[in-house]
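Dear colleague,

My notes on it follow directly after.

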Amino acid sequence: MRFTILTPDAQYPDDALVERKVAGPDVEFRLHRTRDPAAIPLEDLEACDAFLVWHEMKIDRTLIGKAKKCRVIVRAGVGFNHINLEDAAAAGIPVCNTPDYGTSEVADHTIAFLLSLARGIPEFQDRMRRDIRSPWQYPETTCMRRIRGTTLGLVGLGRIGTATALRAKAFGLHVVVYDPYVSRGTEIAVGVQRVESLEALLGLSDIVSLHCPLTPETTGLMNAAAFAAMKPGALFLNTARGPVVDLDALHQALRSGQVAGAALDVLPTEPPSPDEPLIRDYLAQADWLKGRLLLTPHGAWNSPESRFDARRLSIETVMTYLTEGKLRNLVNGDLLDRSRMRA
């Protein structure tokens with residue numbers, strides 16, 4: 001049987017070489033690289049048996065309603081906030097994601113953020129860049145602290161939170177976690193301390209790191225009140241999702257010194273507006289912020305190996321369903337009337 005797979009927002013430069021190798025010769029790929037749903041030809045939508053999507057385009061009834069043959073939507077990545085799960089379920093289409101790639105990379109990135117701030121590397125680098133010839137001095141930098149014995153608070157103990165906890169323990173950090181959705185006893189298996197509220201975690205932690213999904217519950221979770229509840233002078237890391245953090249509240253917390261330093265791989269709007277107060281001061285290299293804020297472009301997941309895994313695993317998920325009817329990593333199961341799945 002021949003299948004047609006539509007990718008509206010391909011995030012790779014080649015002609016789906018990985019995807020074609022996994023799918024085999026009886027699969028046709030319709031590739032586009034756009035953010036505009038209107039740019040997808042109607043004939044491609046009508047022909048597709050599956051959507052294999054990245055993160056650049058909103059997937060809702062505008063596209064789903066025209067894809068009458070589509071049997072499954074697979075996200076080549078973890079987050080699926082851009083996919084309207086209700087619209088897919090109403091059409092009887094299961095939505096799956098690809099959570100089993102990039103875990104090591106994001107955990108490594110988190111630890112790299114932590115080490116960079118706690119060892120004062122950004123401030124040292126700035127000093128060296130400004131004047132490398134004067135006798136070297138070692139003033140106390142804003143973010144520097146001994147890592148061993150420091151308390152790291154993790155908001156979320158899923159795959160990446162767990163991988164981060166295991167790495168942190170190797171550095172001698174005491175790890176506390178808050179995750180109301182992880183079963184009791186998970187913290188015992190990982191060897192970390194569980195707390196029962198976000199407020200408790202913020203009050204205990206010298207470093208706070210986010211590893212939670214973006215949901216209505218977590219949107220704006222780190223707001224002015226949350227930053228005020230942190231230990232004065234704590235460090236803050238986010239490699240999860242940008243909208244979990246109120247950027248203006250973080251700006252004020254950094255400006256006041258309540259937060260000593262922050263490192264963000266994700267932002268509420270990507271790319272961000274240069275007019276955002278925190279982004280404006282970062283770009284201007286404001287004296288008060290130097291060495292205290294690290295930004296990376298939603299790249300914590302990225303490595304050659306991780307890019308390959310995201311592509312391979314996502315097309316495997318598509319083909320497993322199209323050829324065998326087996327779902328993996330279903331994310332709209334609670335909305336989907338299974339009897340209405342398109343067979």
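**Cysteines**

Cys-143 counts as buried because its relative accessibility is 0%, where buried means under 20% relative accessible area, exposed over 50% and partly exposed in between (1.4 Å probe, protein chains only). Cys-212 is likewise buried, with a relative accessible area of 10%. The structure holds zero disulfides, a disulfide being a pair of cysteine sulfur atoms within 2.5 Å.

Please note that this is a predicted model, in which local features need pLDDT of at least 70 and side-chain atom pairs count only at pLDDT 80 or more, while totals for chains, interfaces and linings use all residues. Residues are numbered from 1 along each chain as its sequence is written, and side-chain values use heavy atoms, with hydrogens and water left out.

**Domains and their interface**

The protein chain is divided into domain 1 (3–100 + 304–334) and domain 2 (103–295), with bounds from an automatic or database domain assignment. Five residues from domain 1 and five residues from domain 2 make the contact (heavy atoms within 4.5 Å). Between domain 1 and domain 2 about 480 Å² is buried, and carbon and sulfur atoms give 36% of that area; buried area is the accessible area (1.4 Å probe) that two parts lose on being put together, summed over both. Asn-81, Pro-99 and Ser-306 supply 60% of the area that domain 1 buries against domain 2, more than any other three residues.

Yours sincerely
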